[in-house]
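Have the sequence and the 3D view open as you read.

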Amino acid sequence: MRVALFVTCVNDTLFPGTGKATVRLLERLGCTVDFPLEQTCCGQMHFNTGYRDDARPLARRFTATFDGYDAVVVPSGSCAAMVREWYPSLGVTPPEGVYELSEFLVDVLKVTDVGAYFPHTVTYHPTCHSLRSLKVGSRPFDLLSHVRGLTLVPLGGAEECCGFGGTFALKNPAVSAAMCADKVRNVLDTGAEVLCAADNSCLMHIGGSLTRQRTGVRVLHLAQILASTEGDTA
C-alpha cells in the first residue's frame, strides 16, 4: 500500500521520534510511506477555539495535500477525529481513508502482532478523541497484548480525561491540573514502568506531572512501542 503520514503539529515540533517510529513500523509491515512536505496543521486548535474561518483553509490544504493515497495514517486520535468528524461542518470533504494508527493496523492491514518486542510493564491511557470520537475500542490493547515481553496492566479510571484538552489546559489551569493529578495517581497505582497512549498531547500533559514528581514512570506513544524490536527497544 502507498500510504501518507500526517505527522501532526505536536509530533513534528515536540515528538519527532513518534513520526519516525510510525514510518519504521509501517515499512516493516510492507507499506510504502510518503511524507508530503506540503502538510501543515489540520486546523483542530483553531476550530476548537472558535476560529472556524481560520480552520477552513487549513482543512482545504489538508484535503488537497493528502488526496490520492491508499490511506492517510495519523498517529493521533484527536487530529484524525478532527479531519473525519469536523471537516464536513466547515464545508470541506475530507480525503477517503484517514485512519488513526491502531485503526489502520487492525482494520486495514489486518494485523495485531506487528513483530514488536518491549520487555516492560505498561499501562494504557485511552485518550478522549480516540475513545469517544473514533471509538477505537480494544484495538490498541489488542496490539499491545501481542508485543513480546510486554506486561500490560489495567489503568484505574482509564476512561477519565487527563485534563489536557488542548487550549482547555490554558484557559482552565486549576481544573486541568486537578484532573491530571487524578490520572497520575491512577498511573502510579498500576506499578507500571511506562504509560502508553495514542496522543502525545495527553502524554505531554501527564508526563510533565510524572517527571516533576520524579516518579520514574516514562511515557511513550503507541507507535514507539510497536516499532520496538529485540535489537532496538524504545
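**Spaces and cores**

Start with the largest cavity, which is lined by Phe6, Gln39, Thr40, Cys41, Leu58, Arg61, Phe62, Thr65 and Phe66. A cavity here is a set of points, on a 1 Å grid over the protein atoms alone, where a 1.4 Å probe fits but cannot get out, and lining residues have an atom within 4 Å of a point. Its space comes to about 30 Å³, where a volume is the space filled by probe spheres set on the points, and grid points are joined across faces, edges and corners. The lining splits into five nonpolar residues, three polar and one charged. (Ala, Val, Leu, Ile, Met, Phe, Trp, Tyr, Cys and Pro count as nonpolar, Asp, Glu, Lys and Arg as charged, and the others, Gly among them, as polar.)

Before going on, a word on the model: it is predicted, local features need pLDDT of at least 70, side-chain atom pairs count only at pLDDT 80 or more, and totals for chains, interfaces and linings use all residues. Residues are numbered from 1 along each chain as its sequence is written, and side-chain values use heavy atoms, with hydrogens and water left out.

Now for the largest pocket, with about 660 Å³ of space. A pocket is an open set of points with protein on both sides within 12 Å along at least five of seven lines. Of the 30 residues lining this one, Val10, Gln44, Phe164, Gly166 and Ser201 are the closest to its centre. Which element gives the largest share of the lining? That's H11, with four residues. (Helices, H or I, have at least four residues and strands, E, at least two; both are DSSP runs numbered from the N terminus.) By type, the lining has 15 nonpolar residues, 14 polar and one charged.

What about the packed parts? The largest nonpolar core has 33 residues, and Val3, Leu26, Leu105, Phe118, Ile225 and Leu226 have the most contacts inside it. Such a core is a set of buried Ala, Val, Leu, Ile, Met, Phe, Trp, Tyr and Cys residues joined through side-chain atoms within 4.5 Å. H12 gives the largest share of this core, five residues. Leaving aside neighbours within four places in sequence, Leu26 is in contact (heavy atoms within 4.5 Å) with Val3, Cys31, Val33, Val73, Leu101, Phe104 and Leu105.

Finally, find Thr8 in the loop between E1 and H1. Is Thr8 buried or exposed? Thr8 counts as buried because its relative accessibility is 4%; buried means under 20% relative accessible area, exposed over 50%, and partly exposed in between, with a 1.4 Å probe and protein chains only.
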